[in-house]
Structure formats: C-alpha cells, structure tokens
Amino acid sequence: GDFVKKGEVYYNLRDYVEKENAVEELKTLSRFSTYYAKILELVSESDQAIARAIHRLNRLEVTTAYPFLLACYEDYIHQTLLSEEFLEVLKVLENFIVRRFVCSVPTNQLNKIFAPLYRQVKASSLSFVESVKDILEKRGYPKDYEFERNLREAKLYGSGDRKEKTKFILETLEESFGHREQVNLEELQIEHVMPQTLTPWWEMHLGENFEFIHETLLDTLGNLTLTGYNPELSNLDFEKKKLRYRDSHLELNTYFSEIETWREADIQLRAQELAKQCLKIWSYFGKDNIVQQPEVQPEQGYTFETMHNGDYLQGEVLEIFEDFQDSVLKLGNVREEILKQCIVYRVGNKTFVSVVPLRSGLKLYLNLPFSEVRHEGAFCRDVSNKGHWGTGDVEVRVKDLSDIGRVMPLVERAYRRQLG
C-alpha cells in the first residue's frame, strides 16, 4: 500500500525481505505474478464476467490501479472477496475512470489515489465494495451534473488514448441498446457525422455560423458514431451518409433514419439523448450526488478552465492569446472578464473586443461599425447581420503571432470609440 518510485523498487524490496523469510517472499511474488498475468490477459481468468471487466479496464489503460487490483485478486482467490464483490469493484473502477475522462479530470494523481486504496479500504468499517465507493467518491469523482454537461459539450475525440476511450464509450452505448444481432464492435471506426473537413455543401447546410458550429461540436459525443465505412463516408453530405447508416446493423445509426437535417440543434439533441443513456450505464455510485448544476454566482464567473472552448488555450494558441492579452491590457483602464462563451475586454462598462478561442487561433469581435474597417479587405468580416457570441459588427481571425501587429490598431480604434 506504500507509494514507491519505479527506480526504488529494488531497494525497497531488498530492505523489506529478510534472509529468514526470503523463500516465503519469493513464493508470494510467484503467486502474485499469476494474478498479474491475468490482469494483463496473458492467462485466462475462469470467471467470464470478471475476465470481461478486466478487459474493459485494460482498454481504459488504468495501469495505476494494478497494485490495488493485485491485492483484490489475492482476496478473491482466498475467497475473502466474493466473485460478485470483485466484479462490482471492477465496475466501480471503470465508472470512476470514465467519468473522470469525460470531465477532463487530470490523471496525474491516480497513482497516489490507488496506491494506498487497499489499505484504506481494509481499515474502513464499511463492506469492501462500499468502502471503495466511499473513498473514490472523495477523489475527484464527477457528479451527475458535471458528467451530463461534459457528455453534451466536451470534445471527447482526440489523438492517443482519447480516441480509444471515446470509442470505448460509443461501443458501450451500442451494447446498452441490447441489439439481438451481434456485431464485432472492435473492428469499427469512429465516424464524424458532420465531417472533419467541411465541404461547400456542409457550410451551406450548417448556415452562416458554420465555422463556430464546426469548431465547438465536431468532436463532441452528439456528432460521433461507429461505422465500418469510415473512408467511404468521409465528407459526404448528410443525405448520402443517411443512406449508408440505414444499411448499418448498429442501433447508434438507426437514430439518423428519421433525421432530416444535421445542424447545431440536431447535434445537441442527440448529445442529450446519449448523455441520458450514459448516466444509466455509469450511474453515480456515491451518496453525495448533485444532479442539477449549481447556479454560478455573478461574482464567481468563469475561468479559462470552465469556459466553453477554454481547453483550446494551450500550446501555440495560448501563446497567441497571452501576447494579445498583454497588448490589450496595456491600453489602460481595461477590465478583462471571462464569460461562458468568450473573453471580453471592457473600458468602463463598454465592451470593445471579445475573444473566442479556436483550435487554430483566436476569433475576435470588434465593437466597431464595419464601414470603418471596410478598407482592410478580407482580413475583416462583416457580422452585423449574423449571430455570434461576441459584441460588435466586425470579426477578425488571429491565426499566428504576426497577426497581432495587424489587428491591434483596429482593437485600439474600438477601444477609443467606446472610451468616448
């Protein structure tokens, strides 16, 4: 139950093992190696339900939980932990990891959570399973309102393990519908209904705000499904995709048969439906659940972490934003406020520029009449008759640091206009 750094395992083991008990400790190591082989699925577990639960955990790459699972296996083999209890523990761990993934809870503390867990469970007066639930509930376990909100809004799909975990969620959703015809889900791929690259057809279909819709909803649960025809579907328009979905044996895809359009509201509606199903699959296992999001007090506001699209503020985009932020604040008497959808800069009580983070840079809205910047050409876009999250009639894209020098004179003009 102690946390030992990888490079110190040998020295700790050497200090722990005495000459008199060396043989017994070697037998213990040998015994635990058989448990480890089962966890790694190198040796088959005879209980099929437990074997499947372990396989599911391995797909989530929960290697930090292995020390805890080894101790659980010892109890299970010696029948101090019943098979039903061990299975329930495995399901609790899956639930814990899935909810944290969806809600983007950092994983760097998992080793410190799982290393002492067995000892903490054994010291509790609760039953083994209830103790596991009680302890993990207090270790960054998202409430229902957080889980449901992120299932609707968070960008789940991504590179590396994000792609695999998102596929795991989609496969589990498909299995939950209880389709009578077995489909090998592991051979399928993730499909973006609204494609990753927009064609002119999709731009027209999505409407004037197509860029924002694409940026914010592309990788969310509502826009994702599973298919074996991913390359063929690619950037096809929605009507052509629907024809392929009709041939699918997946319940996830029968949803589209009655859908006529695939716009912002359609994606959000499907996300709501799938979120409800996820809440049933990975139901809250603790006692202090919060189903409805607490109202955000005006003085509390949002942070870069909690605002929509805040996860784009990293790497090169963060560098661009910080350079822009520094330039704006130097104008004098400027107040920065983080709202749900954008970051606004005000002089007095008047907003002069709004910032929406994107995957590829920043989108700025300047509180200026477009007629004053018309001479800037394609650099500025007239959004006076278009819906957007900022304040103002002029939209400007900042894609790299060099754009800031060009945009700041326009920002200063908007600043002076609002300053009066």
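How many aromatic pairs does a search of the whole structure find? The search finds 21. Rings of Phe, Tyr and Trp (its six-membered ring) pair if their centres lie within 6.5 Å; planes under 30 degrees apart count as stacked, over 60 as edge-to-face and the rest as tilted.

The model is predicted: local features need pLDDT of at least 70, side-chain atom pairs count only at pLDDT 80 or more, and totals for chains, interfaces and linings use all residues. Residues are numbered from 1 along each chain as its sequence is written, and side-chain values use heavy atoms, with hydrogens and water left out.

The protein contains 18 helices and eight strands. These are DSSP runs numbered from the N terminus (helices, H or I, at least four residues; strands, E, at least two). The C-alpha atoms fill a box of roughly 85 × 55 × 35 Å along the principal axes. Of the 420 residues, 45% are buried (under 20% relative accessible area, 1.4 Å probe, protein chains only).

The largest nonpolar core has 63 residues. Such a core is a set of buried Ala, Val, Leu, Ile, Met, Phe, Trp, Tyr and Cys residues joined through side-chain atoms within 4.5 Å. Phe86, Phe96, Phe114, Leu136, Ile169 and Leu221 have the most contacts inside it. Helix H5 (residues 83-102) gives the most to this core, with 11 residues. Beyond its neighbours within four places in sequence, Ile169 is in contact with Val98, Phe101, Val102, Leu221, Cys278 and Trp282 (contact: heavy atoms within 4.5 Å).

Two ring pairs illustrate the aromatic geometry. Phe96 and Tyr141 are stacked, because their ring centres are 6.2 Å apart and their planes lie at 25°. Phe96 belongs to helix H5, and Tyr141 to the loop between helix H8 (128-137) and helix H9 (144-153), so the pair ties together parts that are 45 residues apart in sequence. Both residues are buried. Phe324 and Tyr345 form an edge-to-face pair, because their centres are 6.3 Å apart and their planes lie at 80°. Phe324 lies in helix H17 (residues 315-329) and Tyr345 in strand E4 (residues 343-347), so parts 21 residues apart in sequence are tied together. Phe324 is buried, with a relative accessible area of 0%. Tyr345 is also buried, with a relative accessible area of 0%. Elsewhere, ring pairs link Phe32, Tyr35, Tyr73, Tyr76 and Phe86 into a cluster.

Notes
Buried < 20%, exposed > 50% of the residue type's maximum accessible area, 1.4 Å probe, protein only.
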